[in-house]
Structures are given as C-alpha cells and as structure tokens.
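Please examine the sequence and the structure below before reading on.

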Amino acid sequence: MTPNVSSLLNQSSAQAAVFRKPWLFRWLWNILAIVIVLIAPSLFWQTYTLQQSCEPFVGTPPISCMINGVTIEPQILEPLNVGKSKQLIARVELNPLEKGFQIKKTVSWQSSNPDVATVNAKGKVIAIAPGKTKITATSQEASNKQASLLVTIEPKALPTVTKVQLHLFAPDHYQGEQLLADQDFSVIIEGKGDFSEEFTLESDNPEVASVDTNQKSVTLQSRGSARITAVSTANSNKKSSIVIAVLPPKLEGITLQPSHVSLKINATQEMKAAFTGRGDFDRQVIWSSSDPDVAKVNADGVVTGRKKGNTSVQVASVISPEINTTIGVEVEKGPGIREIISGTTGVVCVVGATVLLAPPIASVPVCAGLATGVYRLLSD
C-alpha cells in the first residue's frame, strides 16, 4: 500500500513546528531536570543506608535493618565491692528507615557469670562475689543488636572511718545552756564500707563545758572557753574539735500577764511575769506601784485595789533594773468591804483573810481567821 504523501507531509510539518518553538523544548527539559534533582538524592540515600546496615532485600525491610545498634551507659564501670549495686541504662538507636514502623526500644539483660554478679530486667547489677563478668543488653526486636560491658567485682570493703566533722549551728552560747546533737551541733562521720557512725564527746575544761556521751549533749557550766572534741568509736584517730566561748547569762526582756488589770476595791489580781533571754539568767524581780493608795502590789505580784482610780504596776529585774515592763491598773468602786469590826470586842479584823458572819449570810475574804459573832461591816 502506497503511503499517503499528504499525511507524511503533515506529520513532518508538526514535528518541525515543535523544533521551531525552542522555548517549549527548554520548558520540558527543565521540568525533567527538576524531577531528577528532587528524587535522585532520596533514592540514593535510601539505597546507601540500606547498604550500610542490611543485606539486599525485596519489599518491606526486616526489623534488624531498622535498628542501628544498642549502647550501654556508663560505657566504663568502676569496680564494685561485694554487696554493692549499680544501675545501667541501655539505649536502642534506630535507623531513619524505621519511620512509619512501630519498633520497640526494649532490651533483655544477661550476665555471663551470675555467680559473680547478677543483673535484673531493668539493668541493675548486684555484686555477688569477687571476679569478672560480662553484662549484655540485647534488643528484643533484633537479637543481633546488642552491647556488652565488662564488670569487675572486688571483695567487700572493710569498714573504715576516714573523716569526722563537728559543727556548731549558732555563733554565741551562754552559761546554763545545754547543746544537743542534731539540734545545736552536728557530727558528720564519713568512711568506706559498713562503718559505724557512733562517736564520743570529750571536753578539755569540764568546769566550763561538760559533756554527756550517752545523751550526746554539752552543758555550759560557767564563763570561759572549752575545747569540745568528737571522736569516732570505730577509729579513735579520727576526730574533730571546736572551741566554745561561754558568755554570761543574758536576760533580754520581761512581759506581764494579763497585760491590763481592772478590779474593784479590795479585790485582788495575781500577775505572772515571763522572761526571755539566753542561758540560766537571774529571774529575781522587784514589783512596784506608781500609786499604792489606788492599788498596791506585793512581792509575789499580787495586786490589790484600794480606792477608785488609775495607777500602774511595774516589774523590773533585780540584776538589770533597766529591763522592766509596766501595765495599767484601773480600780473601780464597788461593794468591797473595807474592814469588819467585831460587835462584841470592837477588834478590827486584818484585811485579806476570811470571816464567817453570824447568822451565816456570807463568807467575806477580809479577816485574819475564822470567827463567829456579830460584826459591823464598813464598806466603801
């Protein structure tokens, strides 16, 4: 069959048209170049990675190809003494190809010589006996991915005290104070093995500062200085000392309760003095009233109302009078009995005791003894 000359001429003309448009040709060529640049590196990297970690395969890569390896931390382990333990950490390193796959990072632990040291499922090594063993962590997803660590076990360390430290918590200390371990001072004992932390206390001047080893205490007896030493009971060569300067007792303040007094004529109110200070300071005080005609106070701090008005009561230290405190006292007029006069003898009873009235109307805290009879009450 003879080709159609007309169709051949038309086809040739179309092809020539493409080449007569160079911009279209360049546009197609650029698209092809971009595709090659974007896809080729990815294909190359995937091929390179697989070649570095796996044998050639078809389809989904095996799990072993997705795990690069296992590492153990620490990479070097100091020798362990019998009875001691050490926690190891295993890390599973994954290949970039594992994205999209659920790969477990768990490992199993094993000791090559359990008689020397064991290892539990969480990687804790326990020293059993002197010797060497190899601890291995194996990926549970790929048994060919593992890491090992050589562990040396040494005999159990003998108890040894290496250092004793004695510290005071406060800088100033006063006569009469008692210093207690863990409250006012500390004794820190360092050592190796299962050493004892017991200690004894010594004083080079018991008249100034005495010690009680059983109670672990120091009592400051008098002014002066004393060297206190803590000595290890396990190793008497290990000790620590401090010098305590004992200051005289120090009274810092006095307070009164109640802080204000209000009472009626002939009524009484007992005051209580409280002290603040350091050491065994003197607690002797002097009581005084600024107006005894309104209210008086005795040596025991008992205030008695005498007539209507206001006054103040002060308590001051005998040793340091400048340390004192004052409270206000208000006396109100009321049915208080001023005195009781015997109707038969005319004797005036002493204010502050008790008299029994006859007929027995009431028991009045006035006279100095129990009496019966007829009395005349003189009240304000």
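In which loop is N266 found? N266 is found in the loop between β20 and β21 (268–270), where helices (H or I, at least four residues) and strands (E, at least two) are DSSP runs numbered from the N terminus. The phi angle of N266 is near 75 degrees, a positive value in a residue other than glycine. With a relative accessible area of 27%, N266 is partly exposed; buried means under 20% relative accessible area, exposed over 50%, and partly exposed in between (1.4 Å probe, protein chains only). D182 also has a positive phi as a residue other than glycine, near 70 degrees. D182 is found in the loop between β12 and β13 (185–192) and counts as exposed, at 68% relative accessibility.

The model is a predicted one, in which local features need pLDDT of at least 70 and side-chain atom pairs count only at pLDDT 80 or more, while totals for chains, interfaces and linings use all residues. Residues are numbered from 1 along each chain as its sequence is written, and side-chain values use heavy atoms, with hydrogens and water left out.

As a whole, the protein has three helices and 31 strands. Of its 380 residues, 29% count as buried. Among contacts (heavy atoms within 4.5 Å) between residues at least 6 apart in sequence, 54% join residues at least 24 apart. The accessible surface comes to about 23,900 Å², of which 54% belongs to carbon and sulfur atoms; accessible areas come from the Shrake-Rupley method with a 1.4 Å probe, and for residues only the protein chains shown count as cover.

Side chains of opposite charge can pair when their charged atoms come close. The structure holds five salt bridges, a salt bridge being a side-chain nitrogen of Lys or Arg within 4 Å of a carboxyl oxygen of Asp or Glu. One of them joins the side chains of E73 and R91, at 3.0 Å from N to O. Because E73 lies in strand β1 (residues 67–73) and R91 in strand β4 (residues 89–94), this pair ties together parts that are 18 residues apart in sequence. E73 is partly exposed at 34% relative accessibility, and R91 is partly exposed at 42%. The peptide bond from E73 to P74 is cis, with omega near 0 degrees, and P74 lies in the loop between β1 and β2 (80–81).

Another salt bridge is formed by E177 and R278, whose closest N and O atoms are 2.6 Å apart. E177 lies in the loop between β11 (173–174) and β12 (178–180) and R278 in strand β22 (residues 272–278), so the pair ties together parts that are 101 residues apart in sequence. E177 counts as buried at 15% relative accessibility, whereas R278 is partly exposed at 28%.

The side chains of E332 and K264 also meet in a salt bridge, at 3.6 Å from N to O. This pair links distant parts of the chain, with E332 in strand β27 (residues 324–332) and K264 in strand β20 (residues 260–264), 68 residues apart.

What of the aromatic side chains? A search of the whole structure finds one aromatic pair. The rings of F275 and F281 have their centres 6.4 Å apart and their planes at 55 degrees, so the pair is tilted; rings of Phe, Tyr and Trp (its six-membered ring) pair if their centres lie within 6.5 Å, and planes under 30 degrees apart count as stacked, over 60 as edge-to-face and the rest as tilted. F275 is partly exposed at 23% relative accessible area, whereas F281 counts as buried at 7%.

T136 is in strand β8 (residues 131–139) and counts as buried, at 10% relative accessibility. Leaving aside neighbours within four places in sequence, T136 is in contact with S108, W109, Q110, Q146, A147 and S148. With the side chain of S148, the side chain of T136 makes a polar contact of 3.0 Å; a polar contact is a pair of N or O atoms within 3.5 Å, and within protein one must be able to donate a hydrogen and the other to accept it, while residues adjacent in sequence count only if both atoms are side-chain atoms.
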